[in-house]
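Biologist: I am new to this structure and would like to learn how to read it. Please take me through the strands and a helix.

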Amino acid sequence: MSNRLLLSLEDIHLNIGTRHLFQGVNLHVHEGDKICLIGRNGAGKTTLMRLIMQELELDHGTRFLFPGATVGYLAQHVDFMPDETVRAFVMRGLPGIGSEETSYRADMVLGPLTLDPEALMGHLSGGQLRRAALAQALVNEPDILLLDEPTNHLDLEAIQWLEGFLARSRSAIICVSHDRTFLSNFTSRVFWLEQGTVRICPTGYGGFEAWAETLLEQEARTLQNLNKKLEAELDWTQGGVTARRKRNQRRMNELHRLREKIRTDKA
C-alpha cells in the first residue's frame, strides 16, 4: 500500500514583484518521504518552504494539505523567551508537558545536541539557540518537517546522529543543506528548483549528479535534433524559425553550463 499523500502543489505560479519565481511547479509529498531541496541561490528554496507553510498566497495553482496534517519549520530565526529553560523551550507545544514521557523525548535529543536542559535560553550563544530550535522541531515530530541548514553549528558526531534520527523519523522531511554528504546519507528523493520549475530526482542526493547528467544530455540531444529540423526548414521560411533556433541555442548553452556546474561545484 502506498503512503498517504500529505502535501500537493499543482501548477503553482508565483510572482515576486516583476520576477516570475515559480512557473508551473508540481510536487507531491507522502508519508515517510526524505527529500532534499536544492537550487542555486535565489532559486526560491525558502519561498517554497513558506508556500508549504501557507505563509504566502499563490498567484495561480492549487495547494493541498491533508486535513489535520501538521507542518514544522526550522527557520534561520529563533523566537524564544529569555527566562525560559532549554527543556521548557524544547517541550513547548508537546502534549502532557512535564510528564515522564515528554521529558524522556526531550532528553533523547538534548544530549546528542550537547544542550544543558536547565540553561536559560537568554544565556545561549547563537549556535546553541539554533541547536535548541532543531531539538524542538525534532521532538514535536510534525507530519512534515522543513529543515533549513540543520547541520549549521553541529560537530561531526552530532551530524551523524542527526542523519540517523531523520532516517528513522516518521515525519516526511524536506531539507535544505550545503552539506552534500549529510544529504546523501538520509534522503530518498531530490526536488531540484531550476528555472521556475521543480525537477524531481527519484533517488536520494547520492544519485543526483548522475541522474542530472543524463537528463541534461537528453535535453541537449533533443535541442540539437530540433535545431537540425529548423535548419532544414530555412529554405522556405526565415524570420520566425531563425528566432526560435536562436532561442533553442541559448537554452542548449544554458544546459551545458549547468552540466559543467554539476561536475565542478563541490560545495
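Modeller: Strands β5 and β6 run parallel and are joined by four bridges. Helices (H or I, at least four residues) and strands (E, at least two) are DSSP runs, numbered from the N terminus. Two strands pair if DSSP finds at least two bridges between them. In this pair, Tyr73 stands opposite Leu146 of β6.

Biologist: What kind of model is this, and how are residues numbered?

Modeller: This is a predicted model, in which local features need pLDDT of at least 70, side-chain atom pairs count only at pLDDT 80 or more, and totals for chains, interfaces and linings use all residues. Residues are numbered from 1 along each chain as its sequence is written, and side-chain values use heavy atoms, with hydrogens and water left out.

Biologist: In what order do the strands of the open sheet lie?

Modeller: Strands of a sheet pair through backbone hydrogen bonds, either parallel or antiparallel. Here six strands form an open sheet with mixed pairing, in the order β5-β6-β7-β3-β8-β9. β5 and β9 (197–201) are at the edges with a single partner strand each, so one side of each has no neighbour in the sheet.

Biologist: Which strands pair with β1?

Modeller: β1 (residues 5–16) is antiparallel to β2 (residues 19–30), with nine bridges between them. Leu9 is opposite Leu27 in β2. The two strands form a hairpin with two residues between them, and Gly17 in the turn has a positive phi of about 65°. β1 also pairs with β4 (residues 60–65), in the antiparallel sense and over five bridges. There, Leu7 has Leu65 as its bridge partner.

Biologist: Now the helix α4: how many of its residues are buried?

Modeller: An α-helix has 3.6 residues a turn, so residues three or four places apart point the same way. In α4, twelve of the 15 residues are buried (under 20% relative accessible area, with a 1.4 Å probe and protein chains only), so the helix is largely enclosed by the rest of the structure. Among them are Gly127, Leu134 and Val139.

Biologist: How much of the whole protein counts as buried?

Modeller: The figure is 46% of the 267 residues. The secondary structure comes to eight helices and nine strands.

Conventions: Buried < 20%, exposed > 50% of the residue type's maximum accessible area, 1.4 Å probe, protein only.
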